[in-house]
Amino acid sequence: MIIEFVIPALLTIITASTPLVFAAIGEIVVEKSGVLNLGVEGMMIVGAVGAFAVTVKTGNPYIGVIAGAFSGLLLSFIFGFLTLYLYSNQVATGLALTIFGVGLSALLGHEFVGQTINSLPKLNTPFFSDIRGLGPLVFEQDFMVYLSVFMAILVTWFLMRTRWGLALRAVGENHDAAHSIGFSVTLIRLFAILFGGAMAGLGGAYLSLAHTPLWVENMSAGRGWIALALVVFASWRPWRAFFGAYLFGGITIIQLHAQGFGVDVPSQVLSMLPYLVTIIVLVMISRDDFRIRISAPACLGKSFHPHG
Amino acid sequence: MVFKLEPRAVPSRVMIYQSPIIAVLLTLLAGMVMFRLLGTDPLQALDAFFIEPISTLDGIAELLVKAAPLILIAIGLSIGFQANVWNIGAEGQLTIGALFGGGLALAFYEFETPFLIPAMLIAGTFGGMIWAAIPALLKTRFNTNEILTSLMLTYVGLLILSYLIHGPLRDPDGFNFPESRLFHDSALMPLLIEGTRLHIGFLIALGVAIFAWLFIFKHVVGFQIRVVGLAPAAASFAGFKQKRLIWFALMISGGTAGLAGVIEVAGPIGQIVPVISPGYGFTAIIVAFLGRLHPIGVIFSGILMALTYLGGDSAQITMNLPSAVTGVFQGMLLFFLLASDVLIRYRVKIN
């Protein structure tokens, strides 16, 4: 009885959380390098349309995933070029990226509205999949769910255990000092931005290939912004962002099943939940000013001018 | 040949005003490439996009109808942006303002009084301020990032509109369509030119612009805002109250966005509908930057951005291009503007 309800609920949570995991972990790497890219929403929606379009054309959702990552990466390159080489304001440029991305995705997706695709296939692990309850949950997801867990591990390892991760964090904490000991601040930040773009693109690809295998204008519906809030919520730590994303995924369960429990609430009120919870969570985290100050990269949002 | 950026000793005042012009020209060039890629004749498309819509009196009237909300919102936003207060939730504040003002029109549905319109304008402004008060309170009290909260509240505001228009505000004789009753004549903005949709909202926008101009350059609070933007450290030494400025910036920008919302529902729309604004709240961000965060500059950039909306509609009708082209144009314009702005502080040197 419990298994019959809990397992499908957990499956929904996984599907709703995975796009947020990709986008939030990508943005953590970007912000750790000292760059605030507010264009996550734009990169995500362009990733979604890129992945969908390529899947329609090739019939292969795996090529679609790669296309989604690549679309996000291309868009983030614009941001990197403007902020790193032309010293533009990061907040304004990030907003521009979102406005442009939403428009571009609507333009590119115009001919794909209403088309259907084969969604990303669920993997089937022999033997393990047959475990009652746990089997489908842990061993029968599509590969992107596993990829999202793998990326959380990889990014944690990269940031904390590798020389280049240390360099990236140094650039984010004090770009002048990092520059003076010979690190290329601009190049490290550019790679971080491109990685963040590809990750946001992957999150978008998951939306249009697995979450709802369709192209709908504005289908990211603020998830890019929620991912940005998750970064603050997670105090810039990948694993916390991972669990934060699952917390948010959990809210969608309330949204989907509240009416099933006989709760009579207008659907619009339920749809507000993720946004309201984001605000509440941000308030709870931000009121601890000290914690934000010690965990946020010190150079976050500041332009670096190599000639002083 | 290598290009190098060399810092200028003093930021170029001339470039501040030349950079938007460069950005517009680059956007037009990139637009021609885009139209070519979409398989249309670029010159014909540019004509359909930028010339044809304003070749009639009706077209010019429509241009000013669309410019009014953009100018209003952008004036409010530019005051905040100067003080480093990033309200990006104007779309939500516009929606709540439209609901307050429009709600009043529906509450006094059969009243014939000249006071209804002024009351609606005040109610709309107030509604926008209430919606902007939430990020202001959270920012000043709990140090919560206003960018994220104001944006989240936009989604909440749009859902409130959706709920009300599918429920309490729905026209009782409207066959269950999600639309309110048509406003009564005394709840509609008076027209400036009969036979067009141009209404006094545009004059209100101009009035607010001039008022904001005087305020920023003549009033002490306006001076404080400029100082905070230019030299935050100096501002805190001078003892300017940071929290008061945050409240002030959000109240002004929320208020103008709410006012824009009510002039939309009482102007060209004439009722409350599920979609009140085609993204004016976000486009106004571009208008503010393109107008150099200056109230008079915003008037010109607001009219220019209004043209991209008209152009999108016209290109859709005459050339069968998707109206999303508008969003792409607007995004490109902001990119090119941010890129050209580098020339204010740097000059290009060719080695």
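Residues are numbered from 1 along each chain as its sequence is written, and chains are lettered from A in the order in which they are written. As the model is predicted, local features need pLDDT of at least 70 and side-chain atom pairs count only at pLDDT 80 or more, whereas totals for chains, interfaces and linings use all residues; side-chain values use heavy atoms, with hydrogens and water left out.

**View 1. The contact between chain B and chain A.** Chain B brings 40 residues and chain A 43 residues to the contact, where contact means heavy atoms within 4.5 Å. About 3,600 Å² is buried between the two chains, and carbon and sulfur atoms give 85% of that area; buried area is the accessible area (1.4 Å probe) that two parts lose on being put together, summed over both. Of the area that chain B buries against chain A, 19% is supplied by L148(B), M152(B) and F335(B), more than by any other three residues. There are 0 salt bridges between the chains, a salt bridge being a side-chain nitrogen of Lys or Arg within 4 Å of a carboxyl oxygen of Asp or Glu.

**View 2. The side of chain B that touches chain A.** Strand 1 (3-7), helix 5 (116-142), helix 6 (146-166), helix 11 (280-290) and helix 13 (325-340) of chain B each supply at least two residues of this side, and helices (H or I, at least four residues) and strands (E, at least two) are DSSP runs numbered from the N terminus. Helix 6 of chain B gives the largest share, 13 residues. By class, the side of chain B that touches chain A has 33 nonpolar residues, 7 polar residues and no charged residues, where Ala, Val, Leu, Ile, Met, Phe, Trp, Tyr, Cys and Pro count as nonpolar, Asp, Glu, Lys and Arg as charged, and the others, Gly among them, as polar.

View 3. Q93(B) belongs to helix 4 (residues 90-107) of chain B and is buried, with a relative accessible area of 1%; buried means under 20% relative accessible area, exposed over 50%, and partly exposed in between (1.4 Å probe, protein chains only). Not counting residues up to four places away in sequence, Q93(B) touches N87(B), G128(B), W131(B), A132(B), S253(B), G254(B), A257(B) and G258(B).

**View 4. An aromatic pair in chain B.** F35(B) and F49(B) form a tilted aromatic pair, 5.9 Å centre to centre with 55 degrees between the planes. Rings of Phe, Tyr and Trp (its six-membered ring) pair if their centres lie within 6.5 Å, and planes under 30 degrees apart count as stacked, over 60 as edge-to-face and the rest as tilted. F35(B) lies in helix 1 (residues 13-37) of chain B and F49(B) in helix 2 (residues 42-51) of chain B, so the pair ties together parts that are 14 residues apart in sequence. Both F35(B) and F49(B) are buried.

**View 5. Two loop residues with positive phi.** Y87(A), in the loop between helix 3 (61-85) and helix 4 (90-109) of chain A, has a phi near 55 degrees, a positive value in a residue other than glycine, and Y87(A) is buried, with a relative accessible area of 16%. N84(B), in the loop between helix 3 (57-82) and helix 4 of chain B, has a phi near 60 degrees and is partly exposed, with a relative accessible area of 42%.
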